[in-house]
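Take a walk through this protein model with the structure open beside you.

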Amino acid sequence: MELRRKARSALAKIYGKERLKTSKEDCVCYAYDARNARCIPDAVVFPVSAEEISRTLALASELGFPVVPRGSGTGTTGGSVAVEGGVVLVTTLMNRIVEIDADNFIAEVEPGVITGDFHRAVEAKGMFYPPDPSSAGISTLGGNVAECAGGPRAVKYGVTRDYVLGVEAVLPTGEIVHTGVRTAKGVVGYDLTRLLVGSEGTLAVITRILLKLLPLPAATATLKVSFESMEEAAEAVSKIIASGTLPRCVEYMDEASIVCAQSIADLNLPEGCRSILLIEVDGSASEVATSMEEVVTIVKEAGAMAVEEARDAEEAKRLWTVRKKVSPALYLFGPDKINEDIVVPRSAIPRMVKKIESLKKEYGLPMVSFGHAGDGNIHFNVMIDKKDAAQKLRADAVIDEIFDHTLALGGTLSGEHGVGITKREYIGREIGEKELEIMRGIKKLFDPKGILNPSKIF
């Protein structure tokens, strides 16, 4: 829908010329996220306070135009694109770390704080914020909360929702609400904080976040383990978890993703290596030594070709940097990427790996899988040329099969990327009609006029 002159004039009073963009050249810069599908908004605004966001949403409710919250735009399901036009509300200027409370291990931040910057700030004070999405160098904490981001450390420490104690948020009506507590416990009333975490910007715009912190582990160690097959690597993961040893990260890469990684940096892998695991343990020095010994024994018994420990923090950082750059390097295999982040029970990882291998042979399309094997979260990618209609049909069939198999194994269709617009048509496969009815009712209660991030999830 076209933004009316009255709305543009009112937005100009809130944001002035500098923080309101309406030219097509400016708006197209905020027309896409990492999914790379364009939906050009009518305007882009850059608030610096909850009060400005409140005025914007009250105006939108009055005049009936959509508002789409956005952080850095690193999402992969189209969650921050303006499907119905309207205003994209970019929170990157709200980027203050308001407080780091070392006595109570909590921090208060604005939504535009870059995740990696926050990691460094709390670690400098001897504290630890575990959630670490691959996009941590550019993604914002507000976006992480909206999508309930995870990352490699989730196997031991959980995901973003496990660290959000409370939020300040603006409702679609313009009202400002506060949820949660600053204490370790709190059970007064419904847990609105958990409802807003992972709601993909459809219920409210988050303007402050209260986060739980942990003590910084005294020591860490990183292993690179090479295998001749993906099946062996998957079996090794199951055995590690079953042993009772809990690494903080267990990441895997298949043969195709190794090719991508090698295009970035030489991983010095043995000849014939077709899968690798990156395993990281943390704790006290003695705990790390014990865990490393146990893990090394397990992977060797599982048939590992080579087991190498990172010599120092710099080498470990290099390994993780390469792993996090695998996704953008996938275009070696094709111009377009269909990216899914399925999750299966950890014990079912070997069965899912076998399914992926069979699909590669059946459909003859480049398929790349990597991800958080420690918690069963597999990033599955099909590389195609979408201009080729036959390829697109085959890729759609692959996704149908992958989703059906995921659910049959007791899994879920999205572990950390959300639903957005790319998984809307599949949501009914996982969630029942009555449950969806309840969710639609919650959306209606929060957003009676349907102006906040419309056409997402449902």
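Start with the cysteine Cys249. Its sulfur lies 17 Å from the closest cysteine sulfur, that of Cys148, which is too far for a bond. A disulfide here is a pair of cysteine sulfur atoms within 2.5 Å. The structure holds zero disulfides. Cys27 is likewise in no disulfide: the nearest cysteine sulfur, in Cys29, is 8.8 Å away.

This is a predicted model, so local features need pLDDT of at least 70 and side-chain atom pairs count only at pLDDT 80 or more, while totals for chains, interfaces and linings use all residues. Residues are numbered from 1 along each chain as its sequence is written, and side-chain values use heavy atoms, with hydrogens and water left out.

Are these cysteines buried or exposed? Buried means under 20% relative accessible area, exposed over 50%, and partly exposed in between, using a 1.4 Å probe and protein chains only. Cys249 counts as buried, because its relative accessibility is 2%. Cys27 has 1%, so Cys27 counts as buried too.

Now find helix H1, residues 5-15. Helices (H or I, at least four residues) and strands (E, at least two) are DSSP runs, numbered from the N terminus. Which residues of H1 are buried? They are Ala7, Leu11, Ile14 and Tyr15. Look down the axis of H1: these buried residues fall within an arc of 75°, so they line one face of the helix. The arc is that of the directions from the helix axis to the C-beta atoms. The face turned away from the buried side of H1 carries the exposed residues Arg5, Lys6 and Lys13.

What covers the buried residues of H1? The cover includes strand S1 (20-21), strand S2 (43-45), helix H3 (50-63) and strand S4 (87-90). After H1 comes Gly16, with a positive phi near 70°.

Next, look at two pairs of helices. Helix H13 (residues 349-363) packs with helix H14 (residues 389-408) at an angle of about 160°, and their axes are 11 Å apart. H13 is therefore roughly antiparallel to H14. Angles under 35 degrees count as roughly parallel, over 145 as roughly antiparallel, 65 to 115 as roughly perpendicular and the rest as oblique. Axes are lines fitted to C-alpha atoms, for helices over the stretch in contact, and angles run from 0 to 180 degrees between N-to-C directions. Contact means heavy atoms within 4.5 Å. On the H13 side, the residues that meet H14 include Arg351, Met352 and Lys355. Their partners in H14 include Arg394, Ala397 and Val398.

The second pair is helix H8 (residues 230-242) and helix H10 (residues 285-301). They pack at an angle of about 145°, with axes 9 Å apart. Ala236, Lys239 and Ile240 of H8 make the contact with Val295, Ile298 and Val299 of H10.

Finish with two loop residues. Tyr32 sits in the loop between helix H2 (24-27) and S2. Its relative accessible area is 30%, so Tyr32 is partly exposed. Val81 is 49 residues from Tyr32 along the chain, yet their C-alpha atoms are separated by 5.6 Å. Leaving aside neighbours within four places in sequence, Tyr32 is in contact with Ala37, Arg38, Arg70 and Val81.

Thr91 lies in the loop between S4 and strand S5 (97-101). Thr91 is buried, because its relative accessible area is 6%. Not counting residues up to four places away in sequence, Thr91 touches Arg70, Gly71, Pro111 and Gly112.
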